[in-house]
Amino acid sequence: MKHLFLILLVILCAGLTFYVEQHDSSLLTTGKSKVSDGPYYSGILKDEYQNVKAVANYDIKAELFPERKLAVVDEYLTWINKTEFPANEIQIHLYPNAFRNRRTLFISGRGGTLPDGSTSGIYFKEVSFEDKKPAQIKIIQPEVSDAFDSTAASIALNKTIMPGDSIKIHFKYSLPIPKMMKRFGYAAGRNFFFISQWFPKAGVFSNGKWICSQYHPYTNFFSDFGKYSAKIIVPKGYQVAATGVMKDSSLSESKIIYNFEQYGVHDFAWMATDNIENARSIYKRKDGSDILINAFVQPEHVKYKSRFINAVKNSLKFFEDYIGIYPYQTISIVDVPKTSLSGGMEYPTLITVGAELFSPVSTLQPESVTIHEFTHQFFYGLLANNEVYETWLDEGITSYITDKIAYRYYGKPEVNFKLFGYYPVFGINFLSYNELPLVYTLGDYKIDEGANSLSLYYQSPVCASISDTSYKLPDALSYTITGYSKPELMLLSLERNLGFNNLMYIFRKYYQSYKFSHPSAEDFIHTVNENSKEDMSWFFKSLYRNSSAFDYSIRYVRPVPEEPGSYEVYAERLRDGVFKLDVALYTDKDTLLQTWNGEERWKRFIFHTKNTVLGAEIDPFRKNIMDLNYANNSYIIKDQYAGSTSIMLRWLFWIQNLVLLLGSVA
Ligand SMILES: [Zn+2]
């Protein structure tokens, strides 16, 4: 009987949650469908227009034939040499060629699986210069020698392009659309096409050399800023989302032509489908100007429309308050279907997101990915670091800022245990299988900031340093740890050393100094050092340039014999990692602090106090979150334990830490 009651309760709760989520969609207020062009020119704030160095400009016409799974493309690339060096060639990415065969760098590095219908490639019909003379494309392998890889190429020029000169190249090609694997192709079972990393795109010419990376298995992309004008032609009944502002659309026979334009970006992606829900809303900047939020949501996710939009609004507000204003006229959100096998990803002024069938707000499931991808508009989009070489500058900073935004606006999310690759047993939530809710479990675990990163980091703390070149890392785990987890933990540690407001001030300076350019890690470190009271080089030496593990401990605290009021604290460094930290002595009335550069293997600290000593602790403010074992950081003088509330607080910390670890199992 008791069981029956519980089962009924479970069904009731499930129904209630479903109702609440369904009901949520009716609350959505769709704002104006267009924003005024007034403050903008070509999709970017007029004030920012002159800050962009437009180097690679594209004029593209792409027609999609959904039945044939094919796009036919006509593309003009105008490249302007804005450096001080002459250029004798142009290097371009041909990333659809990553799907040509199983042995490309990309596919072989990801296990060599390329299902039937998943092959693609760029098939040129014409490559020519402005005078119509044909241009020769030569496949190059600048980073990894691989005879099967053709994802980077060089075009020899018929003249040297001197500084200030430009060249125009015409590409005509067909592009078979594969069954979608990694954000390029069509989703199985529906007419949903997502087209990214799809066109011949110039590399970056810097200091007289081209940087044009092959398509590596795990790393992302790097290219130059410019202006994109694109005509996307699709059959009637199809909607299109793309990078930039949709200037207009027109009907011709059975087709629709959508015109997009965007200045000051470095890539272009688009989506076309015949079945999607569109919702629009406006974000008002403090100066009164509008940004259009344009959401495209899968029919089964209609209930999440307002949650996607609100996550972007909260992110826009956070950036406006702390780092800098989003300078573009629009931001599009594209929710991708499960069968696309693609989740969240960032493109200029367009992000992809995904959602589960059921996901209460407390889990922050679609919110977190939405905030993450939006945050990339700054760390990747506007601050366009080389993602292939220094992944952490976009992914690591984005992971850190994502948590800052999520925790500020939503609080701590509930712990998410994954089961059989499905989810979730946490909080008051569903245990589900194949997206079918089965049962509720009760609990109230909240996940702490950085906990997910910590759990990944613990899996392989010394695999590589954050400064290691990303594409050379051996596997997905080391890439994820050094690109995402360790940098987030490093930045959380930096926050604890400098303070939140100071760190945000540094991000603001970093943004102001390097927006619309290609900052490096050294530029970021330089910005930190320029804008903090203390030179933080020691910090980056420890946590950024080094892959050592950290573990400090207190072995004992005891009175110094024959020296009343003197106490000896014996601190040890148990692992290779060196970090500057505090040593605290707790008494019944106060806390005494000393600092240690952390370099010696061990050190004795002498404290003087007339109070009753309760214990000692190393790194009491957790300024190095990467310490592998906090359980040995404190030492309690046992016979005084019972009377000490501050020591009880220490114990609470362990319990909290344990919960945090449990919560991080994924
Ligand atoms: Zn990311």
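1. Leucine 393 is buried, since 27 other C-beta atoms lie within 10 Å; a residue is called buried if 20 or more other C-beta atoms lie within 10 Å of its own, exposed if 12 or fewer, and partly exposed in between, with C-beta atoms placed from the backbone. Leucine 393 belongs to helix 6 (residues 391–410). Helices (H or I, at least four residues) and strands (E, at least two) are DSSP runs, numbered from the N terminus.

2. Leaving aside neighbours within four places in sequence, leucine 393 is in contact with Phe379, Asn385, Ala521 and Phe524. Contact requires that the C-beta atoms of two residues, placed from the backbone, lie within 7 Å. Between leucine 393 and isoleucine 466, which are 73 residues apart in sequence, the C-alpha to C-alpha distance is 9.6 Å.

3. The model is predicted: local features need pLDDT of at least 70, side-chain atom pairs count only at pLDDT 80 or more, and totals for chains, interfaces and linings use all residues. Residues are numbered from 1 along each chain as its sequence is written.

4. Overall, the protein has 12 helices and 35 strands. Of its 666 residues, 46% count as buried. Among contacts between residues at least 6 apart in sequence, 68% join residues at least 24 apart.

5. Helix 4 (residues 305–322) packs on helix 5 (residues 365–375) at an angle of about 45°, their axes being 9 Å apart. Axes are lines fitted to C-alpha atoms, for helices over the stretch in contact, and angles run from 0 to 180 degrees between N-to-C directions. Helix 4 and helix 5 are therefore oblique to each other; angles under 35 degrees count as roughly parallel, over 145 as roughly antiparallel, 65 to 115 as roughly perpendicular and the rest as oblique.

6. On the helix 4 side, Arg307, Phe308, Ala311, Val312 and Ser315 meet Pro366, Glu367, Thr370, Ile371, Phe374 and Thr375 of helix 5. The residues of this contact comprise six nonpolar, three polar and two charged. Ala, Val, Leu, Ile, Met, Phe, Trp, Tyr, Cys and Pro count as nonpolar, Asp, Glu, Lys and Arg as charged, and the others, Gly among them, as polar.

7. Helix 7 (residues 451–459) and helix 8 (residues 476–498) pack at about 130°, with axes 9 Å apart, which makes helix 7 oblique to helix 8. Their crossing is left-handed. Residues of helix 7 in the contact include Leu454 and Tyr457, and those of helix 8 include Ile481 and Leu489. By class, this contact has seven nonpolar, four polar and two charged residues.

8. An open sheet of seven strands has the order 6-9-4-3-15-18-17, with mixed pairing; strands pair if DSSP finds at least two bridges between them. Strand 6 (123–129) and strand 17 (245–252) stand at the edges with a single partner strand each, so one side of each lacks a neighbour in the sheet. The twist averages 10° from one strand to the next. Strand 3 (residues 56–65) pairs with strand 4 (residues 70–80) in the antiparallel sense over 10 bridges, and lysine 61 has aspartate 74 in strand 4 as its bridge partner.

9. Five of the seven residues of strand 5 (residues 87–93) are buried. Strand 5 runs antiparallel to strand 8 (residues 152–161), joined by six bridges, and glutamine 91 stands opposite serine 154 in strand 8. Strand 5 also pairs in the antiparallel sense with strand 12 (residues 201–202) over two bridges; here isoleucine 92 stands opposite alanine 202.

Notes
A crossing is left-handed if the near helix is turned anticlockwise from the far one by less than a right angle, and right-handed if clockwise.
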